[in-house]
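Here is a short briefing to read alongside the model. Have the sequence and the 3D view open as you go.

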Amino acid sequence: MTVTEDAALLTVRARIRRAKIDRVLIVALTLAGFLSVWEIVGHLTNPLFFAPVSDVLVVFWKQLIDPSHRLIDGLVETLAILVPGFVIASVMGVVLGVLMGRSNLALQLLDPYVTIFYNTPRVALIPLLLLWLGIGDTLKIVVVVLAAIFPVSVNVTAGIRDISGQFTEPARSMNASEGQLLWKVILPATLPYVMAGLKLGLGRALTTVIVAEFFVSLSGLGGLLHAASSTYQMAKMFAPAIILAAMGIAIDGLLTYLERRVLKRYSA
């Protein structure tokens, strides 16, 4: 590598490093501004309806170190519903999306029902599912599956349908089987669509698991939210919300990391 190439590479690395620093600074400044406004508004508002961020953080810390571990137990209960429900929905959504994307007959048969359930509020199904499944974890897991499966399948179907022939025809010319075409060409090409569907499904799953805990058993983080809001403990109500936000950010970050790893593997 020549001196000129070394200098160009150092310049590019410096720009990338500077861009990362700028991004961190922007996030830090906007977060500080948001928290400052929250604190000011909290002190100017009736404490029955809003709480300053300082009170929220104090209550949040007290709940974390509470010997009864109600917040931690609520998190575990919610994860016990969210994780299996989201995993089942992800697998079934990808399979359904691949089936509809690769088969015109399957698309014609299933698309109307996918559209109906995609646009049907999950809350409207809870009373019916209560009659069928009773009160228990099975009901809540099913509700989470119904919330997350259709955003995944819709995005996977769209991704496969959008793939140009330039991706599949060369593989077909080399006598690639349908399985090889799916694993080596189609799924890698549609990975951004799959991850977008998973992230949309995650948002719906998080919302729905809290709604299910509200309506069904008042357990988990949803039960803690309900208990705090019904007694107008605003600062205490924000603690489960903070946990939910952190959970969503963590899972979203994990999905993004997995996407990069898979893309790096296929690009290599």
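Helices (H or I, at least four residues) and strands (E, at least two) are DSSP runs, numbered from the N terminus. By that count, the chain has 11 helices and 0 strands. Please keep in mind that this is a predicted model: local features need pLDDT of at least 70, side-chain atom pairs count only at pLDDT 80 or more, and totals for chains, interfaces and linings use all residues. Residues are numbered from 1 along each chain as its sequence is written, and side-chain values use heavy atoms, with hydrogens and water left out.

**The chain as a whole**

- Of the 268 residues in the chain, 35% are buried (buried means under 20% relative accessible area, exposed over 50%, and partly exposed in between, with a 1.4 Å probe and protein chains only).
- Among contacts with a separation of 6 or more, 71% join residues 24 or more positions apart (contact means heavy atoms within 4.5 Å).

- V58 sits in helix α2, which spans residues 53-64.
- V58 counts as partly exposed because its relative accessible area is 44%.
- The C-alpha atoms of V58 and A235 are 8.6 Å apart, although 177 residues separate the two along the chain.
- A245 belongs to helix α11, residues 234-267.
- With 43% relative accessibility, A245 is likewise partly exposed.
- Between the C-alpha atoms of A245 and L206 there are 9.3 Å, and along the chain 39 residues.

- Helix α3 (residues 70-102) and helix α4 (residues 104-119) have axes that come within 6 Å and cross at roughly 130 degrees (axes are lines fitted to C-alpha atoms, for helices over the stretch in contact, and angles run from 0 to 180 degrees between N-to-C directions).
- That angle makes α3 oblique to α4 (under 35 degrees counts as roughly parallel, over 145 as roughly antiparallel, 65 to 115 as roughly perpendicular, and the rest as oblique).
- On the α3 side, L96, L99, M100 and R102 take part, meeting N104, A106, L107, L110, D111 and V114 of α4.
- This contact of α3 with α4 has 7 nonpolar, 1 polar and 2 charged residues (Ala, Val, Leu, Ile, Met, Phe, Trp, Tyr, Cys and Pro count as nonpolar, Asp, Glu, Lys and Arg as charged, and the others, Gly among them, as polar).
- α4 also packs with helix α6 (residues 137-162), at an angle of about 145 degrees and with the axes 10 Å apart.
- Here N104, L107, V114, F117 and Y118 of α4 meet F150, P151, S153, V154, T157 and R161 of α6.
- By class, the contact of α4 with α6 holds 7 nonpolar, 3 polar and 1 charged.

**Nonpolar cores**

- The largest nonpolar core has 42 residues, and L71, F86, L198, L221, L244 and M247 touch the most other members (a nonpolar core is a set of buried Ala, Val, Leu, Ile, Met, Phe, Trp, Tyr and Cys residues joined through side-chain atoms within 4.5 Å).
- Two or more residues of this core come from each of α3, α6, α8 (178-189), α9 (191-217), α10 and α11.
- Another core lies apart from it, with 7 residues, including W38, A51, V53 and M234.
- Leaving aside neighbours within four places in sequence, L244 is in contact with L206, I210, L221 and L225.

**Helix α10 and what follows**

- In α10 (residues 220-230), the buried residues are G220, L221, G222, G223, L224, L225 and A228.
- Just after α10, Y232 has a positive phi of about 60 degrees.
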